[in-house]
Amino acid sequence: AFADSKPHYELLDGLRGVAALVVIWYHVFEGFATSPVDQHFNHGYLAVDFFFILSGFVVGYAYDDRWRRRSLTLGSFIKRRLIRLHPMVVLGAVLGAVTFCLQGRVMWDGTQVALSAVMLALLLHLFLIPALPGSTPEVRGNAEMYPLNGPTWSLFFEYIGNLLYALLLRRLPTRWLAGFVALTGTGLAAFALGNGSGFGHLGVGWSLAGNNLPGGLLRLLFAFPMGLLLSRIFRPVAVRGAFWLCSLIVILLLVVPYVGDGSNPTWNGLYDALCVVVAFPLLVWLGASGRATDPATSRICRFLGDISYPVYVIHYPFMYLFYAWLWEGEKIPFAEAWPVAAGLYAGVILLAWAALKLYDEPVRRWLTRRFLTHHTL
């Protein structure tokens with residue numbers, strides 16, 4: 001998802017897409033869950049940590065040597081990242097505003113929201129400014145940082161990760177970077193085992209309420225530098241069928257049921273910590289080691305990589321509409337709602353592809369010509 005002039009790690013592109021598609025199902029089943037314990041695609045929230053590790057790896061691979069050659073400045077790096085990431089942030093915000101208005105401009109509790117509040121929420125979202133819980137632009141009343149398109153919170157932290165990389169992390173010697181990763185990994189594990197989120201899982205960062213902000217920062221400050229560290233020390237290992245093997249493992253790790261019965265969150269916290277600190281870095285290493293050995297696998301990886309970012313950014317506004325339909329009156333069970341859920345899933349993928357080809361790629365090409373005339377993204 002981070003196109004550059006260097007050759008892609010095509011399997012990592014594909015794995016990012018696999019994780020993004022699991023996230024859609026995770027959010028679909030949020031509509032039927034009454035607690036974290038009975039969410040069917042239970043650990044889909046860990047896909048964010050996987051994305052952060054992938055991002056650190058690919059950013060380090062794409063840009064580290066350019067800093068060393070002094071062929072990259074802070075300004076050009078920031079332009080590149082904005083051009084790559086922000087057009088879809090804008091589209092996601094606009095879709096969120098449109099779907100919220102279609103839904104009737106009401107909070108979760110049914111309170112009517114003024115159009116001016118929606119426009120203020122949209123303005124803040126366009127500039128990636130989070131909404132404070134209970135403030136006027138926090139229009140859904142659920143304390144989300146980005147109430148028009150909830151998952152944008154991870155882009156907020158992604159931007160922080162990129163700035164930290166440009167200002168500090170890229171300058172750290174590898175041994176210091178490894179020490180930083182060990183420190184933040186220990187902190188993240190302690191946060192997970194001690195139920196720092198208060199929810200029995202690591203699915204934090206989406207709000208400014210409670211421990212969401214420190215929890216989200218911990219997730220970023222381990223995962224992004226871990227990816228960067230992997231890009232520096234990476235040496236490929238021989239692995240056959242890496243894409244299919246890693247895809248299966250990613251899916252299984254993200255859909256495992258809640259570990260325990262909910263009365264003792266330590267076990268689920270341990271599972272989360274092992275996934276993020278141990279399993280995901282290993283999967284990135286294996287995925288980077290493999291190569292597509294046939295044209296079909298290569299095409300699949302390319303397609304999944306292409307849609308991974310658009311799918312993630314645009315799907316949730318339609319989830320809000322789906323939830324409103326599910327919960328209007330007597331809650332509709334999955335046995336009756338699955339055709340709509342399946343149609344929503346397919347529709348999001350088609351819309352993501354259309355958004356990529358008709359909006360994101362043309363806009364990025366224009367911005368590249370306008371602001372980076374001597375480079376190609």
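Biologist: Is the crossing in which helix 5 passes helix 7 left-handed or right-handed?

Modeller: In this predicted model, local features need pLDDT of at least 70, side-chain atom pairs count only at pLDDT 80 or more, and totals for chains, interfaces and linings use all residues. Residues are numbered from 1 along each chain as its sequence is written, and side-chain values use heavy atoms without hydrogens or water. A crossing is right-handed if the near helix is turned clockwise from the far one by less than a right angle, and left-handed if anticlockwise. Helix 5 passes helix 7 in a crossing that is right-handed.

Biologist: How are helix 5 and helix 7 oriented to each other?

Modeller: The axes (lines fitted to C-alpha atoms over the stretch in contact; angles run from 0 to 180 degrees between N-to-C directions) of helix 5 (residues 153–167) and helix 7 (residues 212–233) come within 10 Å and cross at roughly 50°. Angles under 35 degrees count as roughly parallel, over 145 as roughly antiparallel, 65 to 115 as roughly perpendicular and the rest as oblique. Helix 5 and helix 7 are therefore oblique.

Biologist: How many charged residues has the contact of helix 5 with helix 7?

Modeller: Contact means heavy atoms within 4.5 Å, and the residues meeting here include Trp153 and Glu158 in helix 5 and Arg219 and Phe224 in helix 7. Beside eleven nonpolar and three polar residues, the number of charged residues is two.

Biologist: Is helix 6 roughly parallel or roughly antiparallel to helix 9?

Modeller: The axes of helix 6 (residues 174–193) and helix 9 (residues 266–289) come within 7 Å and cross at roughly 155°. That makes their arrangement roughly antiparallel.

Biologist: What is the volume of the largest pocket?

Modeller: The largest pocket is lined by 30 residues, with Tyr26, His27, Glu30, Trp206 and Tyr316 nearest its centre. By class, the lining has 17 nonpolar, ten polar and three charged residues. The volume of the largest pocket is about 830 Å³.

Technical notes:
Helix = DSSP H or I, 4+ residues; strand = E, 2+ residues; numbered from the N terminus. Nonpolar A, V, L, I, M, F, W, Y, C, P; charged D, E, K, R; others polar. 1 Å grid on protein atoms, 1.4 Å probe; cavity = no way out; pocket = protein on both sides within 12 Å on 5 of 7 lines; lining within 4 Å. Points joined across faces, edges and corners; volume = space filled by probe spheres on them.
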